[in-house]
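Hi everyone, thanks for making time this morning. I'd like to walk you through a model on the screen, going from the whole chain down to a few single residues.

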Amino acid sequence: MSRIFRRSLSSFKRAPQPFPFAEDNAQFAAHLNNVFPSLHFPPELAQRILTHGSHKAAVHGHNGRLSFVGRRVLESYYLLFLHSVAWNQNQHDYEYLSSRALNTYLLGEHVAPRWSLGRILRWTPTVSQDVLLAHKNIKKSSAKQPADAELENALTANPGIVRSVGLYKVMGDAVQSVMGGVYHQFGGSAAHRLFHTRILPHILLPDQAEGVPVEFHHQALAICERMGGVDGNLLVQELASNRALSELEPEAVETVQPKRVA
């Protein structure tokens, strides 16, 4: 066996490096636990959820895989919701309805702010802070601000370039990552409740072309209320006999319970 091959094989078998700063882990977990009081996120999972692949700390783990899982979970629950409401209607294009309501940019614009993800998510924009500040037509203050504060000020002053720097896309990825993390750690039941109480009500958007079609709004709000509303407990286990058929059908995806992080 050649020396180069042995070296590459040993690096492949090397155990994953732990997250470097426990205090950072704690602040990420504290944020998610505050947004979702009925859940308790392990610190390392919380940091992974709230670290985008564009950030320099992504070498220690980022939310790409959880976002991938979260997108599939979101789509599954949404399609099952549509099917349960419009099971006797053949005119709906489910693929189109899914892309219209679960667009990553839309999630970043309408759901992420509800969870204050912009305050905690670690990411790097596609343009430099100097470009943002130049667009803002101001000079950096003599008192040095933290990089994140400068970035936040520049984005706030220039809402028109938010999309161009990738903010909504990154925040939408984070929403999907939260869903993937909840499904992974707490199971399908909690993820199902998260979808119906913390996501679906915020993408109804009655006066916009995007979002959930208006004919589904009443049923979406009714299910949300039956699950305790937008602040309901995400870990409540209900008896099947007390739930409507429209709520039971989406739970079919819960048959496989994911492995939990210790």
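Let's begin with a question: of the 262 residues of the protein chain, what percentage count as buried? The answer is 45%. Please keep in mind throughout that this is a predicted model.

What about the secondary structure? The protein chain has twelve helices and zero strands. If you read along the sequence, the pattern is α-α-α-α-α-α-α-α-α-α-α-α. The accessible surface of the protein chain is about 14300 Å², and carbon and sulfur atoms contribute 55% of that. Then there is the question of who touches whom. Taking contacts in the protein chain with a separation of 6 or more, 70% are between residues 24 or more positions apart.

Before we zoom in, a word on confidence. The average pLDDT of the protein chain is 77, and 64% of the residues score at least 70. Confidence is lowest in helix H1, residues 3–13, with a mean of 41, and highest in H10, at 97. There are also two stretches to flag. Residues 136–151 have a pLDDT below 50, and this stretch has 18 contacts in the model beyond near neighbours in sequence. Residues 239–256 are also below 50, with 31 contacts in the model beyond near neighbours in sequence. Where pLDDT is low, the predicted coordinates should not be read in detail.

Now to the inside. The largest nonpolar core has 55 residues, and those touching the most other members are Phe36, Phe41, Tyr78, Trp115, Val182, Ile199 and Ile203. Several helices give two or more residues to this core, among them H2 (22–35), H4 (64–85), H9 (167–186) and H10 (188–199). Which helix gives the largest share? That is H9, with ten residues.

H9 brings us to its partner, H10. Two packed helices are described by the angle between their axes and the distance between the axes. For H9 and H10, the axes come within 7 Å and cross at roughly 150 degrees. An angle over 145 degrees counts as roughly antiparallel, so that is how H9 and H10 run relative to each other. On the H9 side, the contact is made by Val175, Val178, Met179, Val182, Tyr183 and Phe186. On the H10 side, the residues are Gly188, Ala190, Ala191, Leu194, Phe195 and Ile199.

How many of the twelve residues of H10 are buried? Twelve of them are, and H10 is described as mostly covered. Ile199 of H10 is worth a click on your own screen. Leaving aside neighbours within four places in sequence, Ile199 is in contact with Leu74, Leu107, Val111, Trp115, Val175, Met179 and Leu194.

Next, a few residues in loops. Ala86 lies in the loop between H4 and H5. Is Ala86 buried or exposed? Ala86 counts as buried because its relative accessibility is 1%, against a cut-off of under 20%. Not counting residues up to four places away in sequence, Ala86 touches His92, Tyr94 and Phe216. Ala86 and Phe216 are 130 residues apart in sequence, yet their C-alpha atoms are 8.6 Å apart in space.

Asn63 sits in the loop between H3 and H4. This residue is buried too, with a relative accessible area of 2%. Beyond neighbours within four places in sequence, the contacts of Asn63 include Arg48, His52, Leu121, Ala174 and Ser177.

Now for some backbone geometry. Most residues other than glycine have a negative phi, and most peptide bonds are trans. Ser116, in the loop between H6 and helix H7, has a positive phi of about 55 degrees although it is not a glycine. Leu205, in the loop between H10 and H11, also has a positive phi, of about 45 degrees. Leu205 is buried, with a relative accessible area of 12%.

One last stop, in helix H11, where we find Gln219. With a relative accessible area of 22%, Gln219 is partly exposed. Gln219 and Leu82 are 137 residues apart along the chain, and their C-alpha atoms are separated by 9.8 Å.

Technical notes. Residues are numbered from 1 along each chain as its sequence is written. This is a predicted model: local features need pLDDT of at least 70, side-chain atom pairs count only at pLDDT 80 or more; totals for chains, interfaces and linings use all residues. Side-chain values use heavy atoms; hydrogens and water are left out. Helices (H or I, at least four residues) and strands (E, at least two) are DSSP runs, numbered from the N terminus. Buried means under 20% relative accessible area, exposed over 50%, partly exposed in between (1.4 Å probe, protein chains only). Contact means heavy atoms within 4.5 Å. Accessible areas come from the Shrake-Rupley method with a 1.4 Å probe; for residues, only the protein chains shown count as cover. A nonpolar core is a set of buried Ala, Val, Leu, Ile, Met, Phe, Trp, Tyr and Cys residues joined through side-chain atoms within 4.5 Å. pLDDT is the predictor's confidence in each residue, from 0 to 100. Axes are lines fitted to C-alpha atoms, for helices over the stretch in contact, and angles run from 0 to 180 degrees between N-to-C directions. Angles under 35 degrees count as roughly parallel, over 145 as roughly antiparallel, 65 to 115 as roughly perpendicular and the rest as oblique.
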